[in-house]
Amino acid sequence: NPKGFTYWLAGAGVKAGTYNVIVMNELSHANSISGAKLVLTTPAPTVSAVSPTFVAEQKTQTLTITGTGFFGGTQSLADVVDVKLSGVAGESNVTLSGWTVDSNIQISGALVPTTAAVGTYNIIITNSGGKNTVSAGKFRVVARPRITGLNPGSGSNLGAKNIQILGRGFFGGAGTGDNVVAGSIKLFSGATQIAVVTKGIVDS
């Protein structure tokens, strides 16, 4: 047929993208581009879990990410181009570095920088199939404890004192006050520890 022919081009395992279709005739003549393009697509990656699931603010942490579709529908081509954290509540996106695509279902060595803000994040993977918008496994950057007030703030050094400590981050992302362990509340004069405060009840 001078106007066309039917031929099935198997796209299985070919990287997603837009391709020219090149035809060579019996005289070994071929077109260099095609007016009609072949578009191959693949499902976007998914993220089901991340380990570990949290880090303290201003600390680095290396993550292992589990999911599907990291090879972008190919048999062995790891075409992931970006791994980042996307804030659930509007926190700024955080680009992760140092990652390696180990398999179609695992990425390791993704480094969270110290600049990541406190919050809860989706893990977003981008490759030739696009990117996921949410992740089943979330990652949290939790606040360090902050002391904003003491009640009372002064008193005699004779005998034990009951002191109410006000601030934030006492739960450490754990959801309960059990994250403050015995002996973890201490008094310092400059860099010198002068006393260990007996643990009380962490209210909030």
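**Around S135**

Analyst: Starting with S135: its side chain reaches the backbone nitrogen of I123 at 2.9 Å, where a polar contact is a pair of N or O atoms within 3.5 Å, one able to donate a hydrogen and the other to accept it, and residues adjacent in sequence count only if both atoms are side-chain atoms. This is a predicted model, where local features need pLDDT of at least 70, side-chain atom pairs count only at pLDDT 80 or more, and totals for chains, interfaces and linings use all residues. Residues are numbered from 1 along each chain as its sequence is written, and side-chain values use heavy atoms, with hydrogens and water left out.

User: Is S135 buried or exposed?

Analyst: S135 counts as buried because its relative accessibility is 3%; the cut-offs are under 20% for buried and over 50% for exposed, partly exposed in between, with a 1.4 Å probe and protein chains only.

User: What does S135 touch, leaving out residues up to four places away in sequence?

Analyst: V47, N122 and I123, with contact meaning heavy atoms within 4.5 Å.

User: Switching to the sheet: what's the strand order?

Analyst: It's β3-β5-β9-β8, an open sheet with antiparallel pairing. Strands are DSSP runs of E, at least two residues, numbered from the N terminus, and two of them pair if DSSP finds at least two bridges between them.

User: Which strands are at the edges?

Analyst: β3 (46-51) and β8 (100-103), each pairing on one side only.

User: And how many bridges join β8 and β9?

Analyst: Three, in the antiparallel sense. S103 stands opposite Q106 in β9.

How values were computed: Helix = DSSP H or I, 4+ residues; strand = E, 2+ residues; numbered from the N terminus.
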